[in-house]
Amino acid sequence: MSHPLAPDWLVEPLDHDALDPGVWPARAVRGEDGEIRIGGLSTAGLLEQYGSPLYLLDLDDVLERARRLEDTLSAALAVSGRTLRIHYATKALLAADVIRALDGLGWGFDVSSFGEWEWTRRAGANPQHIEYQGNNKSLHELRAALSHGVGQIVIDSAVEVERVAAVATELGISQEVMIRVNTGVHAGTHDYLATAREDQKFGVARADIPALAAEIARHQSLRLIGLHSHIGSQIVAPDGFVEATRRVLELYRDLQVDHPLTTLNIGGGFAIPYTSADPESNVEQIVSMVGQEIDAFVTREGITLSTIACEPGRIVVGPAGITLYTVGTTKPVEVDYTTEAGSGVATRLYVSVDGGMSDNIRPALYGANYTVSLANRFATAPPALVRVVGSHCESGDIVIHDDYLPSDVTPGDVVAVAATGAYCHSLSSNYNALGRPALVVIEGGEARVAIAAETPDDVMARDLGLALGSLAAHPHSVGQETSGAERTDQA
Ligand SMILES: *Cc1c(COP(=O)(O)O)cnc(C)c1O
């Protein structure tokens, strides 16, 4: 019988030591001592060495997933003589180690801010392989990107045309641009087919595209090469993807009469499983349907389309990462419940860990579900329904809404949360003055720090009011009432 507080989707596993390969990194196994190991390395050992909490990324797994994805995308999209260009969406997880690994595969990158641009470039990516996104690019960042030879600028509004043209003219170059289309299709809504327009900030409405393309064509400094569409993230149903592609293809066909277009960017957004109840990734099904749609359309309409671009993020790094935490406190909480079977009181075990919404905001932001497992030993006690919570001053500071852990989980235990490689580090914060955890990568059986942890000093360093000089000058500082000689502790 399932726990009365457990959601319907949560199935209690038969073996609490098992790690579902659909959710955990490819090389995650439970060793003979009961510890979770990744690439042969003990997670509890890594936590002890590098500090808690800790983001771990299996870089070998990232590369394997990237190669597999490239094969899948090539088979579906690089057909009929077309070229495939893959841009990794850096916002999923940005670290020089990740950029270098994917650059080594010949992948390009998708950035949407000056910081992402500069970080990616400094990591060694060829600027020509970088595509610049975003709905509000400043003159400053456009100058930086264009002067270094950025690949493409994805235009998001009419205002931007003038801005990009001005910078390109100033530099005496001809800049490749694309237009982001607001297709009216949104991955997150159930009745997306009913939407003619979408009320959101990204892209240009379909009706406005011809005029915008004509405007771009008036500028000698700009070269319109194609259209771009990204309908959202964690997309499970292929229908929306296919419908968006069809709408962009129709625009592409109409524009091609007057503009020498070559490229269609279908965006990213491929879903990954976060729990055993989530469907397996269906990227193969999605891109094969999209590929068929493109092929049929191109043949039927006799258009020229030489390059298909794609921007995966989550699916590349998400499943290859985990987060390790140390358990600080546990607390059984009695909860009143009413179900179809009746009502009563049941216990939910709250397990507090040393991180939370500052290192993974997705449960609080989107109600996202994750999977947790004890990482430092075998489960011997019977399972308890748990809620894993962080250390922040918010009741919504939840890491795991619902999962099972051994009922004897205790302070000092190490727990691992699966599939945290994407949108956890990149969305992390210093809320409650917590330092952000280190990102440790595992490659070839060895671990190294890719991104250092923030110390309390790092977190406080930006507060200039804490500098010694201003402390002394502050009217409420202790030193004001005492003589200079007594204030040597501040020196
Ligand atoms: C975020 C984003 C992506 C990547 O989305 P994933 O869900 O991580 O695959 C691709 N393209 C654009 C424009 C994005 O904003």
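**Strand pairing, a pocket and overall dimensions**

Asn265 stands opposite Ala309 in strand 13. The chain crosses from strand 12 through helix 9 (residues 283–301) to strand 13, and this β-α-β crossover is right-handed; that is, with the strands pointing away from the viewer, the path from the first strand over the helix to the second runs clockwise. The model is predicted: local features need pLDDT of at least 70 and side-chain atom pairs count only at pLDDT 80 or more, while totals for chains, interfaces and linings use all residues. Residues are numbered from 1 along each chain as its sequence is written, and side-chain values use heavy atoms, with hydrogens and water left out.

Strand 12 (residues 263–265) pairs with strand 13 in the parallel sense over three bridges, where pairing requires that DSSP finds at least two bridges between two strands. Strand 5 (residues 83–89) also pairs with strand 13 in the parallel sense, over four bridges, and Leu84 has Ile308 as its bridge partner in strand 13. Both faces of strand 13 (residues 307–310) are covered: Thr307 and Ala309 on one side, and Ile308 and Cys310 on the other, are all buried (under 20% relative accessible area with a 1.4 Å probe, protein chains only).

A further set of three strands forms an open antiparallel sheet in the order 1-2-3. Its edge strands, each pairing on one side only, are strand 1 (28–30) and strand 3 (41–42). Strand 1 pairs with strand 2 (residues 36–38) over three bridges, and Val29 stands opposite Arg37 in strand 2.

The second largest pocket has a volume of about 480 Å³. A pocket is here an open set of points on a 1 Å grid over the protein atoms alone, where a 1.4 Å probe fits, with protein on both sides within 12 Å along at least five of seven lines; lining residues have an atom within 4 Å of a point. The volume is the space filled by probe spheres set on the points, which are joined across faces, edges and corners. The lining comprises 22 residues, of which Arg65, Arg68, Pro273, Ser281 and Ile315 lie nearest the centre. Helix 2 gives the largest share, five residues.

The chain has 13 helices and 21 strands, taken as DSSP runs numbered from the N terminus (helices H or I, at least four residues; strands E, at least two). Buried residues make up 51% of the 491 residues. Along its principal axes, the C-alpha trace spans about 70 × 70 × 45 Å.

Terms used: Buried means under 20% relative accessible area, exposed over 50%, partly exposed in between (1.4 Å probe, protein chains only).
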